[in-house]
Every structure is written in C-alpha cells, then in structure tokens.
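Below are some notes on the model for you to check against the coordinates. They begin with the ligand site and then turn to the domains, the charged pairs and the backbone.

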Amino acid sequence: MLDSINYPKDIKQLDLRQLQSLADEIRAFLIENIQKTGGHLAPNLGTIEMSIAMHYVFSTPKDSFVFDVGHQAYTHKILTGRKDRIHTLRQKGGISGFTKRAESAHDSFGAGHSSTSISAALGIAIANGIQCNHHKSIAVIGDGALTGGMSFEALNHAGDSNADLLIILNDNDMSISKNVGAMSKYLTKLISGKMYSTMKNKSLGFLQKMPRMHEFAKRSEEHLKGMVLPSTLFEELGLDYYGPIDGHDLPTLIKTLQNLKTQSKPRLLHIITKKGYGLDSAENDPCKFHGIAPAADGSSTLDSYSNVFGRWLINTAANNKDLIAITPAMCTGSGMSEFEQKFPEQYFDVGIAEQHAVTFAGGLATQGLKPVVAIYSTFLQRGYDQLIHDIALQNLNVIFAIDRAGLVGADGATHAGCFDLSFLRCIPNLTIMAPSNGLEMYQMLNTAFNMQSPVCIRYPRGVANVEKYETQDTVEIGTAKVLLKGEKIAIFAFGNKVDIALEAGAELGASVVDMRFVKPLDTQLIKEMASTHQRLISIEDNVISGGAGSAISEYLHQQKITTPLHLLGLPDEFTEQGTQAELYQQYGLTAKDIINATKI
Ligand SMILES: Cc1ncc(C[n+]2csc(CCOP(=O)(O)OP(=O)(O)O)c2C)c(N)n1
C-alpha cells in the first residue's frame, strides 16, 4: 500500500483497515531505513498512528502541523512527498532529520531545539484568526518537551487567548532518558486515574460514572464532552483538556481529531504512546533507541570527549561532596550515566530546561558548592542571558562543560555548536578553554575545579584521541603551548583543530601552537610568534565572526602589530548536515586548507 501513498490526499480515500495496514507498512519501512541511515528510531515508531490520523483528518499545508523538536516527524515526511528520499535522511544533501520549512510546504515551522511548538502554533493560530481563513493550527509536543520553560510561557498565553489552537500532547513518559519533574509526575497521575478518583472523592456527581481510561478510548466520540475534566492543570490555565486516549488506536485517534476539528478554542488532546512501539528492542530500551547511528558507523576503541568528562566527574566527586553535576535532560549524551548511578545525590537532571539549569547552578554556587553544568553548545544558546546575568555578572564559580562544540554532523544546522566562542568571548569574568585531546581536557577540568570564577570548557563531538587521560595535573591559566617549532609561518590552533595544524605544520615547516585558552589569550606568546614569523594563521571550529581568531586579530591590531593573520573557521552561514569529515572539507577546515591559506 505504501507504494501508492505519496501525499496526504492519497490516504483520505482509505478505510480504517487500510489505514491500519499503512501504519504497519510505515513501521516496517522506518525500521529498515533508519537502521541504515541512523536517526530517531524510537520516537518515530511512537508517532506513526498519530501522524496518519492527523493527515487523515486535517489538510496540510492549509492546516499547519508544528512538531516539537521535529525529530518524530518521519511519518509526516513520508506522507508529504518525501518517502523516496527517506534513504537520504540526515546525510549530506539529503533530507533533514527534523522539520524544515525549506524542505517542504508541509513543514510549517522548522525545529530541532525543544519546546517551541506551542509558541509557534499559537502564532500561526492567531495569524489565521486575523486573516479569517479558518485554517487549523496543531502543535505536537512530547511530555519531555513540555518540561521546557517556553512551553509554559506559551500555555500561559494560549490559555488566555481564544485562538483556534489544538495541542496534541504525545505522552510516552520518556524524554531521551526517563522524563523527570513534577509535571511528568502530574501527567502520570492523570493517566493512572488517581486524579479521577481524587476528584470522585470530592463527590462531583457526574464523575461517579466516569469510565476508566481504556473505556474512554473506546468511547471517545460519545464521551468527548464528558471527558473535559474541569480540574486538570490545563483546564485551569484556560485550555479544554481531552483524553487521555491511546495514541496507537487509529479509529479512536481519528474520531477524536474529527471532533476536535469542529472546535475553535485553545484545546489539548492528551495521547498516550509507547516509545519504540512495535519493535521489541526499542520498546525495551527507548533511551538507547532514541537516536541510533547509521549501520556503517565504525566505532573507535578510544573514549569520546563526553566519556572523558563522565570519568572526570566520577573521579572528582569521589573526594568532593560539594561537586554537583547538572544536566538539562542529556544524561547519556553528556557521558553522565555512570555518574548518575554512582552519585545520585550529587546529580540533577532538571528536564529540558537549559535556562533553569544555568541559574540553578548559580544558586548552588552562592552557597559554596561546585556546580558543573554539562550542556551542548547549541543548547547553551537557550541559557545565554542566564549565563551573563546570573553567573558572569556575579562572578559565580560555575563550570560549564560545553559538549558538541563545533560541527556535529548529521543533526545539521539546528545542532551545530558553531557560535559559542563568539557569544562567550564577549562576556566579562569568563575563562574559556578548548582542549585538543582528552588528556588536556582532563587537565582543564582539574584547573576549572580549582578556580573561583565562571569557566567554560568547550569540546567537540567525537573521540578524544588519547588512551590515558586520568591525571592530577592542571594547566596554567592563559598559557598556550608550542607543539612544533618552525619558521616563517605560525599556526595558532584551537581545540580539535590542533591535529590538522600539526599535519599542515609538518609539511610547511611551520610553528604550531596549541592555544588552549580563548580567554585569556596567551598574548605574550602571540606577540613573540608575530615578531619571529612572517605569516600567521589561526584555525578554529567556530564561526570566524567574533571567534578565537578574531580575538587574536583584535589583539594584534591593538598592539599595532602588522604581521598578516589569516583566519580559518566557519563561514557566516548556517552549516549543512553531513558527516563531520564531509563538513570539514566543505567549510575549508582541513590540513590542505591550512596549506592553501599560506599561498594566498
Ligand atoms: C533545547 C533542547 N534541549 C535538548 C534537546 C535534546 N532533545 C531532543 S529530543 C529530547 C527529548 C524529547 O522528549 P519528548 O518531547 O518527550 O519526545 P520523545 O522523544 O519522547 O517523543 C531532547 C532532550 C533539544 N532538542 N532541544
């Protein structure tokens, strides 16, 4: 059946039995394809029936679907003209693993970062109202994404509006790891029926006859009105609440959505799904199968930078009860799983709440604790004001372990950590380090732990290039390290670009410096290099604008030093998806590019 399905119009003719077969075929198709391409397997296995029902009932692009994060929208992609390109998912030149406006008119809002869907869908709904076009706006948000502060800001606005907005809450009780927090507990309570019994005890007459959840699902149509529970949190905020219903039960989903389509108030439908549904391995370990690597990915025996960080946490926490590690919902990706098991009392997963993670760390620091915020470069963008206003301005002693800095690969522009050096470098009181391997990273973490002011250590996705890295050593603040002594040309390399600088330096007979610190810069060494070499090159895995090379350039300019400096880094554009190696090639960050730069 899938062969004949390309666009939403193709499914509108199908009967329920055919729709069910289509769901089964899509499930098999996704399992087969994602295992080859890599991607978000478990989230997508959980949203097949929901996506089919949405496209059966509504009509995109007239109606707008806004998928939160956009990582669960593969079925939507299949049903909106992209089935034949699924094999290119997340690859260079291929389709994105998230929703992307440039890719299809059916992707009404681009995503990648979490908790934006209600705001965007509300904007669309209010625009629809202003333009009197009667189009529908639907946000799909997971229980994980609902933990992000922006969702609450949007609910606060939506509940006080009369916008024609439907929010589908896709509740699978999981973020990437197990979902956390009071909101998650509240949703569980809603589902388990405890809330109904509590309400029943308060003797609201009609609730006496309230069927349990599975009966709700079966009788969704006739009970649609009765299902509006006046005391849910959502209802209190001014939204009509419907559900919970089984998000894998196509007939119920379709009937419910058909009913909700006729309404025009802000409303929320709570659906219960199973992450990884239909694939035993994914159902049993949804965290592992949240995102999987392509089949062809060779695995290295060396530890990744994230692993090095995790090991440092464990070793340091053993003797320091004041070390507190914080993750905004990225425990596994940040290398903290073992730490979580071993030091539960020194570990906080605060949900997808980067802003809160940063300021929470600030509060801990005021009391003399040693907070370490593990955060991906791209997600630190969410906590920027908090970093400035709550941490740096008060000179609080918080360590930021900034993972996935630079090009990240298949996740593409939404996840690339291309900007952190530029947006961090301008903040007073910060120390910024960029290790060139795992050993240096470990030394930098030791150094940061001894400091009394805010420190950022930014490191890339991938292996840390050393076998042994556990050490008591530190690095001297603001000092770079000359790795190769040459003449005429000096290369100032930052972070993971030191390797290729050494490669190019050997060929060029150039000096190579592992800069280690972006702030404070080793200005003494820069001055010395500038006076003993004829040409200077800087290289970094960050945008050139405002980055580490810019810092050197500013210094040279201020000192009226005229030795020419060529800056290598990422261009002033959003980067594409592809493997890291492909992208380094595309953006001119290879040893060959360093050599070519000397010929200009
Ligand atoms: C701002 C931000 N922080 C972290 C992430 C990483 N992330 C991607 S999906 C996800 C979990 C989302 O959980 P949920 O919304 O419940 O969707 P599910 O995968 O369970 O379907 C996280 C933490 C992100 N995309 N954006």
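1. Ligand surroundings. The ligand has 22 residues around it, and the closest of these are His71, Gly144, Ala145, Met174 and Glu354. Please keep in mind that this is a predicted model, so the distances quoted here are computed from predicted coordinates.

2. Polar contacts of the ligand. Glu354, one of the closest residues, places a polar side-chain atom 2.7 Å from a nitrogen atom of the ligand. A polar backbone atom of Ser114 is 2.9 Å from a ligand nitrogen. On the oxygen side, an N or O atom in the side chain of Asn172 lies 3.0 Å from an oxygen atom of the ligand.

3. Domain layout. The chain is split into three parts: domain 1 covers 2-174 + 234-284, domain 2 covers 305-458, and domain 3 covers 481-598.

4. Extent of the interface between domain 2 and domain 3. The centres of domain 2 and domain 3, taken over C-alpha atoms, are 25 Å apart. Contact involves 29 residues of domain 2 and 31 residues of domain 3. The size of an interface is often expressed as the accessible area that is lost when the parts come together. For domain 2 and domain 3 the buried area is about 2,300 Å², with 55% of it from carbon and sulfur atoms. In domain 2, the residues that lose the most area to domain 3 are Leu407, Leu421 and Arg425, which together give 32% of what that side buries.

5. How many salt bridges are counted between domain 2 and domain 3? The count is one. Arg425 forms a salt bridge with Glu554, and their closest N and O atoms are 2.8 Å apart. Between domain 2 and domain 3 there are also 18 residue pairs in polar contact, counted where both residues have pLDDT 80 or more.

6. Elements on the domain 2 side. Three elements, α20 (420-425), β10 (431-433) and α21 (438-450), each supply at least two residues of the side of domain 2 that touches domain 3. The element that gives the most to this side is α20, with four residues. By class, the side of domain 2 that touches domain 3 holds 18 nonpolar, seven polar and four charged residues.

7. Salt bridges in the model. The total comes to 16 salt bridges. Side chains of opposite charge can pair when their charged atoms come close.

8. Backbone points to inspect. Most residues other than glycine have a negative phi, and most peptide bonds are trans. The peptide bond from Thr60 to Pro61 is cis, with omega near 5°, and Pro61 sits in the loop between α4 (48-57) and β1 (64-67). The bond from Lys519 to Pro520 is also cis, with omega near -5°; Pro520 is in the loop between β15 (517-519) and α23 (523-532). Val69 has a positive phi, near 70°, and is found in the loop between β1 and α5.

Note on methods:
Residues numbered from 1 in each chain as written. Heavy atoms only, no water. Domains from an automatic or database assignment. Contact = heavy atoms within 4.5 Å. Buried area = accessible area lost by both parts, 1.4 Å probe. Salt bridge = Lys/Arg side-chain N within 4 Å of Asp/Glu carboxyl O. Polar contact = N/O pair within 3.5 Å; in protein donor to acceptor, adjacent residues only side chain to side chain. Nonpolar A, V, L, I, M, F, W, Y, C, P; charged D, E, K, R; others polar. Near = heavy atom within 4 Å.
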